[in-house]
Amino acid sequence: MKSGEVARLIQERYPGTDVRVPRERRVMVYIPSGLLIEMLAFLKDQGVTHISTITAVDRIKENIFELLYHLSWENNEISVRIEIPRETPVVPTVTAVLPGALTYEREIQDMFGIRVDHIPNPEKLLLPDNWPLGEYPLRKDYVVK
Amino acid sequence: MGLIDWAKKKSPWICHFNTGGCNACDIETIAALTPRFDLERFGILLKGSPRHADVLVVTGPVTLQSEERLKRIYDQMVEPKFVLAIGVCACSGGVYWKCYNVKGGVDSVIPVDVYVGGCPPRPSEIIDGMVQILGKMGLEGHVIKSLEGLAGGQ
């Protein structure tokens with residue numbers, strides 16, 4: 001399946017969604033956070049079954065976190081982007097759809113303090129055992145001691 | 001020369017601990033020990049337990065996770081004990097200096113006797129560091145002489 005075809009399928013299923021194909025084999029989808037699990041499940045049905053990673057961006061000036069779910073299929077890549085408010089950083093877990101997302105969800109939970117709702121394993125992943133509560137090193141307002 | 005000095009001179013055993021490095025310094029340390037450079041022929045053996053070692057060889061920046069472990073390993077060693085910091089990360093933190101999970105160099109946790117810079121240092125530089133450790137032990141004689149030859153002209 002070509003990248004343009006996936007973009008067309010998303011447009012058909014969710015009319016009005018901001019889908020961009022900046023170049024060959026690359027798709028960007030901008031969706032509201034409520035649609036996230038539905039979108040990933042829809043993509044999974046189309047054969048986009050592999051999650052490469054989840055990245056987060058702390059856009060502190062606009063007071064939002066941006067989350068990008070990077071999925072891939074047949075050398076193509078698709079990034080599903082959502083934005084969540086910085087004051088209440090909560091996203092639902094996508095492990096029900098993509099079990100491989102667990103490690104990445106734990107990572108952004110550690111590094112950004114974005115709470116992942118109903119995550120199967122909420123334990124710390126990367127930070128040291130004695131790490132102080134409520135400090136998130138990859139947030140822009142974190143000060144290194 | 002007493003028996004203890006003699007034994008020390010013949011067998012300055014080392015214990016190696018990576019506090020969070022990238023493995024490059026570890027590879028160079030092993031290269032210094034294995035036949036190409038062959039520190040082992042001078043009795044400098046790599047030991048698995050800090051209780052058997054005279055010299056603690058530390059590579060890598062000290063992360064918050066390894067800080068307690070490094071302290072504990074150092075405390076387990078018997079006196080007299082020496083610490084050799086290998087690589088710029090172990091000396092000062094290197095490129096990881098002021099990283100959120102890095103405490104700093106080895107000397108921010110335990111006293112260090114000899115620093116070997118480099119990223120990673122060559123085996124000859126590690127041997128030179130070992131020579132200085134032996135000098136600090138107050139040892140003279142053929143071991144240091146032959147080691148110096150090794151460090152200088154490899």
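User: Which residues line the largest cavity?

Analyst: The model is predicted. By the rule used, it holds 1 cavity of 30 Å³ or more. The volume of the largest cavity is about 50 Å³. Its lining consists of Ile14(B), Thr29(B), Ala32(B), Leu33(B), Leu39(B), Val57(B), Leu84(B), Ile86(B), Ile126(B) and Met130(B).

User: Which element gives the most residues to the lining of the largest cavity?

Analyst: Elements of chain B that give two or more residues to this lining are α2 (24-33), β5 (82-86) and α5 (123-136). With 3 residues, the one that gives the most is α2(B).

User: How many residues of the lining of the largest cavity are nonpolar, polar or charged?

Analyst: Thr29(B) and Met130(B) are among the lining residues. Sorted by class, the lining has no charged residues, 1 polar and 9 nonpolar.

User: Is α2(B) roughly parallel or roughly perpendicular to α5(B)?

Analyst: The two helix axes come within 8 Å. They cross at roughly 75°. Angles of 65 to 115 degrees count as roughly perpendicular. Therefore α2(B) stands to α5(B) as roughly perpendicular.

User: Which residues make the contact of α2(B) with α5(B)?

Analyst: The residues of this contact divide into 1 charged, 1 polar and 5 nonpolar. From α2(B) come Glu28(B), Thr29(B), Ala31(B) and Ala32(B). From α5(B) come Pro123(B), Ile126(B) and Ile127(B).

Technical notes: Residues numbered from 1 in each chain as written. Chains lettered and ligands numbered in written order. Predicted model: local features only at pLDDT ≥ 70, side-chain atom pairs only at ≥ 80, totals over all residues. Heavy atoms only, no water. 1 Å grid on protein atoms, 1.4 Å probe; cavity = no way out; pocket = protein on both sides within 12 Å on 5 of 7 lines; lining within 4 Å. Points joined across faces, edges and corners; volume = space filled by probe spheres on them. Helix = DSSP H or I, 4+ residues; strand = E, 2+ residues; numbered from the N terminus. Nonpolar A, V, L, I, M, F, W, Y, C, P; charged D, E, K, R; others polar. Axes fitted to C-alpha atoms, helices over the stretch in contact; angles between N-to-C directions. Parallel < 35°, antiparallel > 145°, perpendicular 65-115°, else oblique. Contact = heavy atoms within 4.5 Å.
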